[in-house]
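Have the viewer open and follow along.

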Amino acid sequence: MSTNTTDTETAKTDEQLAEEALVPMPLVHGELPRWAPWGILAGSLVVVGAVLGLTGNFGIALTLVLGAILYALATYGISRAVEGGRKATDRVVTIVVTVAFLIALVPLVSVLVTVIQNGVARFDPAFFSNSMRGVVGEGGGGYHAIMGTLIITAVAAVISIPVGILTAVYLVEYGKGRLARSITFFVDVMTGIPSIVAGLFAFAFFALFAGPGIRFGFGGAVALSILMIPVVVRSTEEMLKIVPNELREAAFALGTPKWRTILKVVIPTSIAGIASGVTLAIARVIGETAPLLIIAGLTTGVNLNPFSGRMTTLPVFAYNSYAAPGVPREPFIDRAWTSALVLIIIVLVLNLLARLVAKLFAPKTR
């Protein structure tokens with residue numbers, strides 16, 4: 001009798017377990033309102049600021065740091081209670097990524113603000129129309145340095161861009177075997193060489209023909225091209241690799257020669273990335289100072305001929321104005337900051353031109 005009763009209870013228990021297993025589990029948790037993250041952030045900053053104010057240790061930087069930590073902890077706790085562990089983890093990771101981005105943005109914004117604040121003092125028409133010939137103290141400008149920067153960088157780009165793009169085309173489309181591996185190895189080595197080495201190489205090379213006193217703009221362009229070529233090669237190579245092989249095969253199926261396929265299909269498809277890589281290479285070298293001090297030299301007058309005489313660039317002009325100022329010191333420091341501001345503007349314009357070129361020459365998708 002007792003055995004039957006036990007079997008019945010066991011059967012009922014199994015039935016209850018089966019029914020409980022069939023009960024649907026909730027698939028959707030609660031969700032915080034859209035204003036909740038901002039409210040938690042504001043509350044965290046207020047709490048941290050109040051605590052630091054009461055203790056006499058209030059500071060903007062310390063408040064932001066401790067507020068971000070409290071914000072992450074509070075968000076995780078509240079989100080876990082309302083939305084579940086997975087959503088809470090997602091929110092914390094989003095906070096960490098956002099904070100990392102803001103931290104990376106701080107030096108950039110700081111540099112821009114500092115350069116603009118100090119550079120506007122001499123950002124006037126005289127700076128863009130006058131050189132430093134005959135100027136001892138106040139006055140003068142950086143016209144000679146601006147023209148030297150544009151000419152030397154343009155010559156370096158004319159040398160580097162065709163060589164870099166054609167080298168990348170060879171490595172991606174034709175290169176196989178030991179030669180391709182050797183080129184790739186040397187390009188990787190050139191990517192990491194110090195800029196001063198490029199200047200010394202250019203000086204030593206031209207000194208063999210013109211003597212140790214050689215100083216001219218074309219030598220500076222050659223030194224910069226040594227630094228530009230590996231950047232152009234690597235960036236162009238990566239852009240060419242992401243072009244789908246189906247596009248090449250379709251062109252080959254129509255009987256198009258390989259050189260024409262590269263010219264009409266592969267390069268136009270990757271022109272946006274190539275333009276960005278070229279702009280990056282130009283921005284990489286336009287601010288170089290050491291190699292140009294060695295081979296291009298320094299002058300206070302205007303020289304528009306890169307094949308004869310010394311040429312001054314904006315980085316060299318800024319360095320010389322700051323490192324060896326005259327009396328009074330302030331005008332030289334102001335010209336140095338303005339040179340840095342003009343250099344940033346030139347890089348910005350080059351980036352905008354690269355985007356325009358990419359937009360105009362990229363294949364139309366509609």
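Helices here are DSSP runs of H or I with at least four residues, and strands are E runs of at least two, numbered from the N terminus.

## How the model was read

This is a predicted model, so local features need pLDDT of at least 70 and side-chain atom pairs count only at pLDDT 80 or more, while totals for chains, interfaces and linings use all residues. Residues are numbered from 1 along each chain as its sequence is written, and side-chain values use heavy atoms, with hydrogens and water left out.

## The α3 and α4 pair

Helix α3 (residues 60–82) packs against α4 at an angle of about 160°, with the axes 8 Å apart. α3 and α4 are therefore roughly antiparallel to each other (an angle over 145 degrees). Axes are lines fitted to C-alpha atoms, for helices over the stretch in contact, and angles run from 0 to 180 degrees between N-to-C directions.

On the α3 side, the contact is made by A68, Y71, A72, T75, Y76, S79 and R80; on the α4 side, the residues include G85, K87, R91 and V99. Contact means heavy atoms within 4.5 Å.

## Two residues on these helices

S79 sits in helix α3 and is buried, with a relative accessible area of 0%. Setting aside neighbours within four places in sequence, S79 touches L32, G84, K87, A88 and R91.

T114 lies in helix α4 (residues 85–119) and counts as partly exposed at 31% relative accessibility. Buried means under 20% relative accessible area, exposed over 50%, and partly exposed in between (1.4 Å probe, protein chains only).

## A buried loop residue

T313 belongs to the loop between α13 (290–295) and α14 (314–323). T313 is buried, with a relative accessible area of 3%. Beyond its neighbours within four places in sequence, T313 is in contact with A145, G148, T149, I152 and L292.

Note on methods
Parallel < 35°, antiparallel > 145°, perpendicular 65-115°, else oblique.
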